[in-house]
Amino acid sequence: MNSGVARVGGVNARRGAEVLLEVLESEGVRYIFGNPGTTELPLMDALVRTPDIHYVLGLQEASVVAMADGYAQAARRPAFLNLHTAGGLGHGMGNLLNASVSQTPLVVTAGQQDSRHTISDPLLFGDLVRIAEPAVKWAREVASADQLPVLVRRAFHDANAAPSGPVFLSFPMDVMEEMSTIGISGASNIDRSFTAGSLGLLASHLAAIKPGRLAIIAGDEIYTSQAASEVVALAEILGAPVYGSSWPSRIPYPTSHPLWSGNLPTMARSIAEILSNYDAIFALGGKSLITILYTEGSAVPPSCEVFQLSSDVRDLGRTYATRLSVMGEIKASLEVLLPVLREATKANADAYRKLVVRLAEQRQVQRAKLASIADAGLEQASVSPLVAAREAVRAIGPDVAIVDEAIATSTHVRRFLDSASPNQYSFLRGGGLGWGMPAAVGCSLGLDRAPVVSLVGDGAALYSPQAMWTAAHEKLPVTFVVMNNREYNVLKNFMKSQTHYLSAQANRYLAMEIDNPAVDYLALARSMGLPARRVDRPADVAAAIEAGIASGVPNLIEVIITAD
């Protein structure tokens, strides 16, 4: 019995932890992201005999959750993670909320105290289900080892089902130790693609819009659906510019394509100024018009009609009245829509082709102006956020994955992206800091240990720097680029813009600086096993990042930027 395996009636009996691992292997799980404590020890012991599942150690649960998030997004499959009781789940809640907003499919688990003595309120005990519920699709505690196959498979299925997102299971320690002869059956094959209805009607509506008066909004769901090529075909048929979400998780459209028009701004008034140039928008995927600061009026002008396609029925007509919204998986639905739309628009095909040429020419002019501004900045003594962004993008190139949590430079970075890939760029969709560095670690694992560049602000880098240790421990080629302006620059700039604020009038901003004392990011990186260097001249930025990527090892580059 010491081995954890016995025979009962000719059937193998094994501990609940081993049943769990059998299910995970059958689901194709390669990694468990975790930080173990006492309640996780049965699982850790069972892993000794499960070499095909690799345990990725994070030094804090916030890092663990974001690593799993980055992995799930990059690998396009649910990630499995294991946290430690109520305290560990609490540590991970910020990034679990990020994953929920981003609709990242995660199977989140946590060890629970032995259920036989929970009546006595033992140390580390808490109501894990109630703690997790606000951030997950559903939460449940496993009552016996025999429930593991059904509940774990259900968790994987539901995490991946639209709208995707985290689910939670609590594993009491005695359940993980309990002997069971339950079979695990096999993994189910589920085809989740489904085609929207009313596509003929949608095609007729889109065809009726005057050429040049329709804009497409490419939401995050395009990435999940792997529908970028269909969206490119849609845009080219209609000669329509393609805008990205105002606060994206991904840029799911090739940024080198002539119809790519950049991401929308984050205030309703500014979004409306752009959309006022169009009679209609066709939004692919939900929640593409996220606003941050309040401004008067709707993001969608009254004169602009709304058409939507999403697999999430909750987003259809949720905020803005729509002329027609259809529910369907984006790739499957566009495959049906495109030939119908091509036929419906053939009378205007020449006008659409001319629009594509004109938009391509406008894009070249805009990019040339932007490059000229950046070139002029190279001659300055200090590094502006715009120059830092351009030089970083130039060094990274079109193929290396970018995980961005550097808010001071992110808008500029997105303006300079020029890649044929719809998969290069990911961003902090949930808004809670501490996601980017560990997400880059998970992203590299999800891309079979490919190079990744993590762009992170100096403030954000202090939320989960433990990710650097995991990158070093796993020998992952992640280059962490800290954009350091030594302050909470976005917050300070907002306060400066509010002339009625006492802070703006007195030029005094409480709790906005991170410079007394200044944080030594090089020492922090080196303490976790990473080589590190600092650059403060514009001409040195690209070379440093190129060298970091070429090194093939985890490393950190601190870029001192101005507080623009």
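Colleague: Over how many bridges do E10 and strand E11 pair?
Modeller: This is a predicted model numbered from 1 along each chain, with local features at pLDDT of at least 70, side-chain atom pairs at 80 or more, and totals over all residues. Side-chain values use heavy atoms, without hydrogens or water. Strands are DSSP runs of at least two residues, numbered from the N terminus, and two of them pair if DSSP finds at least two bridges between them. E10 and E11 (residues 242–244) run in the parallel sense, and the bridge count is three.

Colleague: Which residue in E11 is the bridge partner of Ile 217?
Modeller: E10 spans residues 214–218, and Ile 217 sits in that range. Its bridge partner in E11 is Tyr 243.

Colleague: How many of the five residues of E10 are buried?
Modeller: Buried means under 20% relative accessible area, exposed over 50% and partly exposed in between (1.4 Å probe, protein chains only). Residues pointing either way from E10 are buried. The strand is mostly covered, and the number buried is five.

Colleague: Is Met 327 buried, partly exposed or exposed?
Modeller: Met 327 lies in strand E15 (residues 324–327). Its relative accessibility is 37%, so Met 327 counts as partly exposed.

Key:
Helices (H or I, at least four residues) and strands (E, at least two) are DSSP runs, numbered from the N terminus.
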